[in-house]
Amino acid sequence: MDLLLVGAGLSGAVIGRNLAEQGHRITIVDGRSHIGGNCHTERDAETGVMVHVYGPHIFHTDDEEVWNYVNAFTRFLPYKNRVKTTSQGAVYSLPINLHTINQFYGKTLRPDEARAFLETQADTSITDPQSFEEQALRFVGPDLYEAFFKGYTEKQWGCSPTELPAAILKRLPVRFNYDDNYFFHRFQGMPEEGYTPMIESILDHPGITVHLETMFDPDTAADYDHVFYSGPLDGYFDYRLGRLGYRTLDFERFSDTGDYQGCAVMNYGDRDTPYTRITEHKHFSPWESHEGTVCYREYARECGADDIPYYPIRLVEEKALLNDYVALAKATPGVTFVGRLGTYRYLDMDVTIREALDTAQAFLAHAAESSAMPAFVKSPL
Ligand SMILES: Cc1cc2nc3c(=O)[nH]c(=O)nc-3n(C[C@H](O)[C@H](O)[C@H](O)COP(=O)(O)OP(=O)(O)OC[C@H]3O[C@@H](n4cnc5c(N)ncnc54)[C@H](O)[C@@H]3O)c2cc1C
């Protein structure tokens, strides 16, 4: 079959590769001048440092098949994400762990003592936290909430933590030991040469043709037996019901020599510091050596029509609009909506790859048992 994939990010690359291996002819279009989508990495022209152009990306997963998949296309080196935060004039370890608690309160608590102490700080009158703020107050109490969550969250999401769902904070546990590895996953690492060469290698198949700087033209869809679309869901329908809300990011680059901040990611928790974090990219490749260093100050704001959509907001109004777009998508024959934009979800890379592998599998299964073209292959929507 002739298949069109919109987007040369992880979703498009993995689906394309798996279907090309089964003999299908794959055309991939991407509006950008490079492959890799938001995982794109490139060497900084001035310093030679490998830069995560659309923000820091750390690979972490418990999915062994996905881990084996990416390792088949590139070499991963060990990398643990250890984030720090500057807040109220001091530097602390994140996620909140025993070190953070002891440093913040000037104590020398052992794990059980810290657990008991934090219970005295927590607002136990909140039995069923509804908002992010309630969840934080229930978990850690007002002092740690103010220092580590409130200002950062307001900057990141552009709204009060009282308006955000409690579920967001469930993903940030407090640890009563000194483990400061940001992720719990069994497999963690960084591709030695960056993500773009990995995705290039996934796309390197004679059945795949990639056209960069080429926006999807709906009129060409009829030339293909099926379309996999990893662009924005609302964009596919020309935003006819309105725009799904996103946060976008601005990156302010600056360079220096030596080591600017001593770690890859430094968050800024105070509300009056306008940026959310500074990323110093050379720390993502500790096996390399560079005299210069390049950093990105990261600012979050509302996503306008011409901005790159980064984080789906998924508040109450967005969810209603999303349901309407999902209904339209399900009624669109011959198109499968995939990936972070096509399904309007924040997806880590490993989940993106898992869903791409499953989508390709579902398509092949459907194609094998039916002579008619599938109208809507099961998509993660
Ligand atoms: C700031 C940030 C940090 C992240 N950090 C991590 C991390 O540390 N670890 C992790 O596992 N995951 C991380 N992620 C998630 C990761 O970026 C995604 O899992 C991944 O990019 C999803 O791939 P995708 O192919 O679905 O989407 P994308 O990477 O967005 O690719 C979609 C592609 O489609 C193209 N496109 C869209 N519309 C059209 C159109 N109409 N015509 C032509 N082309 C089009 C775009 O140009 C883009 O290249 C992070 C995400 C963000 C935003």
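This note walks through the folds, cores, ring contacts and backbone details of a predicted model.

1. **Ground rules.** The model is predicted, so a pLDDT of at least 70 is needed for local features and 80 or more for side-chain atom pairs, while totals for chains, interfaces and linings use all residues. Residue numbers start from 1 along each chain as its sequence is written, and side-chain values use heavy atoms, without hydrogens or water.

2. **Domains.** Start with the division of the chain. Domain 1 covers 2–39 + 57–80 + 187–243 + 314–369, and domain 2 covers 97–168. These bounds come from an automatic or database domain assignment. Taken over C-alpha atoms, the centres of domain 1 and domain 2 are 36 Å apart.

3. **The main core.** A nonpolar core is a set of buried Ala, Val, Leu, Ile, Met, Phe, Trp, Tyr and Cys residues joined through side-chain atoms within 4.5 Å. Buried means under 20% relative accessible area, exposed means over 50%, and partly exposed is in between (1.4 Å probe, protein chains only). The largest core has 81 residues. L19, F59, M198 and I353 have the most contacts inside it. Helix α5 (residues 132–157) supplies the largest share, 10 residues. Helices here are DSSP runs of H or I with at least four residues, strands are runs of E with at least two, and both are numbered from the N terminus. Domain 1 and domain 2 both give residues to this core, so it lies between them.

4. Which residues does I353 touch, not counting residues up to four places away in sequence? They are L10, V14, F59, V66, Y69 and V70. Contact means heavy atoms within 4.5 Å. Another core, of 21 residues, lies apart from the largest one. V29, Y229, Y246 and V326 are among its members.

5. **The three-stranded sheet.** This open sheet has the order β5-β9-β6, with antiparallel pairing. Two strands pair if DSSP finds at least two bridges between them. β5 (59–61) and β6 (76–77) are the edges; each has a single partner strand, so one side of each is left without a neighbour in the sheet. Two bridges join β6 to β9 (residues 187–191). F76 has P191 in β9 as its bridge partner.

6. **The seven-stranded sheet.** A second open sheet is ordered β8-β7-β13-β14-β15-β12-β16, and its pairing is mixed. β8 (90–93) and β16 are the edge strands, each pairing on one side only. Inside the sheet, β14 (residues 277–280) and β15 run antiparallel over four bridges. T279 stands opposite Y296 in β15.

7. **F183.** Look at the loop between α6 (167–170) and β9, where F183 is placed. F183 has 19% relative accessibility and counts as buried. Beyond neighbours within four places in sequence, F183 contacts I58, H60, N81, R175 and Q188.

8. **Aromatic rings.** The whole structure holds 30 aromatic pairs. Rings of Phe, Tyr and Trp (its six-membered ring) pair if their centres lie within 6.5 Å; planes under 30 degrees apart count as stacked, over 60 as edge-to-face and the rest as tilted. F251 and Y310 form an edge-to-face pair, at 6.2 Å centre to centre and 75 degrees between the planes. The two are 59 residues apart: F251 is in strand β12 (residues 246–257), and Y310 is in the loop between β15 (292–302) and β16 (311–312). F251 is partly exposed at 24%, whereas Y310 is buried at 8%. One aromatic cluster is made of F216, Y229, Y236, F237, Y325 and F337.

9. **Charges over rings.** A charge sits over a ring if NZ of Lys or CZ of Arg is within 6 Å of the ring centre and within 35 degrees of the ring normal. The charged end of R175 sits over the ring of F184, 4.3 Å from its centre. The charged end of R297 sits over the ring of Y275, 5.7 Å from its centre.

10. **Backbone points to check.** Most residues other than glycine have a negative phi, and most peptide bonds are trans. L94 and P95 are joined by a cis peptide bond, with omega about -15 degrees. P95 is in the loop between β8 and α3 (98–105). E213 has a positive phi of about 50 degrees. E213 lies in the loop between β10 (208–211) and β11 (226–229), and is exposed at 61%. Y344 also has a positive phi of about 50 degrees. Y344 sits in the loop between α10 (339–342) and α11 (349–369). At 0% relative accessibility, Y344 is buried.
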